[in-house]
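Student: I would like to work through this structure with questions and answers.
Tutor: Please look at the sequence and the structure first, and then ask.

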Amino acid sequence: MSLLAYIVRRLLLMVLVLIGVSLLVFTMMMLLPPGQRVAIYVTNDRVSPAMMDALIAKYGLNDPAPLQYFRWLRNLLHGEFGYSITASSPVLKGFARFLPVTLELVLYAAPLIILTGIFLGTLGAVRKDTAMDHVTRVLAIVGFSLPTFWLGLLLMMIFYGFLGIFPPGALSTDVRNIVFSDPTWHPYTHLVTIDAILNWRWQVFWDAFYRMILPTLNLVVINSALIMRLMRSSMLEALGQDYMMTARAKGADRKTLFRRHARRNAMLPVITISGITFAELMGSMVITETIFDRKGIGWWMAQAALQLDVAAIMFDVLFLGTIYVVVNLVVDLIYAYVDPRVRLS
Amino acid sequence: MKTMHPRLRELAFTLRRFLKNPLSVIGLSLVVIFGLIALLAPVLEPPKYADPYKIPHTGFHIEPSPPSAAHPLGTMQQQYDMLYGLVWGTRSAFRIGVLVVAANLFIGIILGVLAGYFGGLVDEVIMRITDIFFAIPFLVMAMALVVAIGRGLKAVVVVLIILGWPSYTRVLRSDILVTRGKDFILAARASGASHLRIMFTHIVPNALYSVLILASLNIGTTILTAAALSFLGLGSETGTADWGQIISLCRSWIVGTPGNRFAYWYTVFIPGFVISLFVLGWNLMGDAVRDVFDPRMRRR
């Protein structure tokens, strides 16, 4: 199969999965009574109980399901996602407000998760059956077993409760005033640390950065375990390959052997699971943002689930599903480009 | 018993391998200890109400109290007894974990067999459905579904059953694809065995180990997800003996009093520690079983 044919096939598959995701979300919506589904169609919260029946009739919420599905799909394509009571605004507006907070944490946590996983996994494989190997394996399995919310609470108890450092919240009150009401502050990207550098306001940068340390640590401990384990086993497999013996026979030193020959090949499976890593990261984001009081997408989801904010929840599920599918497509295409065996099979 | 049946001999060998690994012994012991606690819950902590999963509390005072003679592990917020909650929580963790994973296995195996054995359109449809399930973060989808069908511990169990099967289906399917072309299957088919017979007497037993290992690892994950949902306030009601619920009761107590900053450490530390040990036990065991059963690893 040529690369082009592969891309076309993958794109078609992506559309199929996206339709599936939308059907899944729609099915979940249909489990709710029509009165609750109204939130997904309205654009404001001025809905009195008396108007409910009229609205249900207006949006056809008692119509046959297929009809409702296509109507809902059309709304989605027009960017109409309903009104979120937890964001006190239409869903998209709320989303635009919450996304940067999450994105910023991902920006710091994701590279650290990947690097930690690859580094410790490689270390374990290269020093197989030594103390270092055992320590990293135990670390990985403990990372798998710790509840995200407990680790978060413990970190808060030790650092904030006992030592009095790393307070919760995304920004201190002073800095929040700067970011939200100082006319000289330019929110270029809405990612506070990056804007702080662009605005040359180091006090703001430090404040935002400082409060990101604990949540990042929490995410790294929990989420790097999977990569660590995969990297270890795939590195072990790479080390056992014939080309390693060839390289060794040709007199390559250990550094070249591990870095150029083994690790490069061992990293391929790690790339393929980056979609799963991303999904797991978003899952722990719900808990992490709730515990560290950072008002991002995860915090929003937790609030929405508690307050039956159906419009917000369904939108977030759709959003995360879409992101996952797109990330996976990009990863697979890169993979197919790098490794011809994938597209030829 | 001079000549053991080869299957028994294999089992004995496997067991010896398993018991030689300290990590797997720790895992097994943890699971056994928790199992005993769950079994003996009525003896260890006799229930005070008709519903044993309701934690007794002495008074409504909001501040947790430290371990004492009457409450060996202290009390939580509103004076719920911690030890009682954890002991009966162990029982509910087993109930949830075993029920959910058994149901997942059942659905997952049937769909995995259908997909792997028949291939073609059946396979394509089932696999695309698992793709859809994998596209959404597990916790997020569980949250959304709990909201859709209504909160509570029962809802959490139903949701975990609905959402948990795809990983088994995938693993079983890929195992079956490997087994399907093997000579003994062709032989069975040539000798006129029916589809059903081939599937359940020849294919499934050969592919079962990887699924069972996954199940052991998934009991831990299932409990973690259930606890996370309870922590977020979507699971059991306040005062239920359920680990996630117990942790959500302690979350306001991470900051101590001015004189004693670790004043409430027990209420935060103990329940999470217990959940971690439980999950760790299942994970260590699943891991060890994988190493032991993996033919590439076992004879080394």
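Student: What should the 15 residues of helix 1 of chain B span at 1.5 Å a residue, and how far apart are its end C-alpha atoms?
Tutor: Helices here are DSSP runs of H or I with at least four residues, strands are runs of E with at least two, and both are numbered from the N terminus. The expected span is 1.5 Å times one less than the number of residues. For helix 1 of chain B, residues 6-20, that gives 21 Å, which agrees with the separation of its end C-alpha atoms, 21 Å.

Student: On what basis are these values given, and how are residues and chains labelled?
Tutor: This is a predicted model, in which local features need pLDDT of at least 70 and side-chain atom pairs count only at pLDDT 80 or more, while totals for chains, interfaces and linings use all residues. Residues are numbered from 1 along each chain as its sequence is written, and chains are lettered from A and ligands numbered from 1 in the order in which they are written.

Student: How many residues of helix 1 of chain B are buried?
Tutor: A residue is buried if 20 or more other C-beta atoms, placed from the backbone, lie within 10 Å of its own, exposed if 12 or fewer do, and partly exposed in between. Helix 1 of chain B is hardly covered, and its count of buried residues is zero.

Student: How many of the 29 residues of helix 12 of chain B are buried?
Tutor: Helix 12 of chain B should span 42 Å, and its end C-alpha atoms are 41 Å apart, which agrees. This helix is mostly covered, and the number of its buried residues is 22.

Student: Is B:S252 buried or partly exposed?
Tutor: B:S252 lies in the loop between helix 11 (243-250) and helix 12 of chain B. Because it has 13 C-beta neighbours inside 10 Å, B:S252 counts as partly exposed.

Student: How many residues of chain A are in contact with chain B?
Tutor: Two residues are in contact if their C-beta atoms, placed from the backbone, lie within 7 Å. By that rule, 41 residues of chain B are in contact with residues of chain A, of which the number is 45.

Student: Which elements of chain B give two or more residues to the side that touches chain A?
Tutor: By class, that side has 30 nonpolar, six polar and five charged residues. Here Ala, Val, Leu, Ile, Met, Phe, Trp, Tyr, Cys and Pro count as nonpolar, Asp, Glu, Lys and Arg as charged, and the others, Gly among them, as polar. The elements of chain B are helix 5 (120-135), helix 6, helix 10 (195-231) and helix 12 (265-293).

Student: How is helix 14 of chain A oriented to helix 6 of chain B?
Tutor: The axes of helix 14 (residues 274-291) of chain A and helix 6 (residues 138-149) of chain B come within 7 Å and cross at roughly 60°. Axes are lines fitted to C-alpha atoms, for helices over the stretch in contact, with angles from 0 to 180 degrees between N-to-C directions. Angles under 35 degrees count as roughly parallel, over 145 as roughly antiparallel, 65 to 115 as roughly perpendicular and the rest as oblique. Therefore helix 14 of chain A is, to helix 6 of chain B, oblique.
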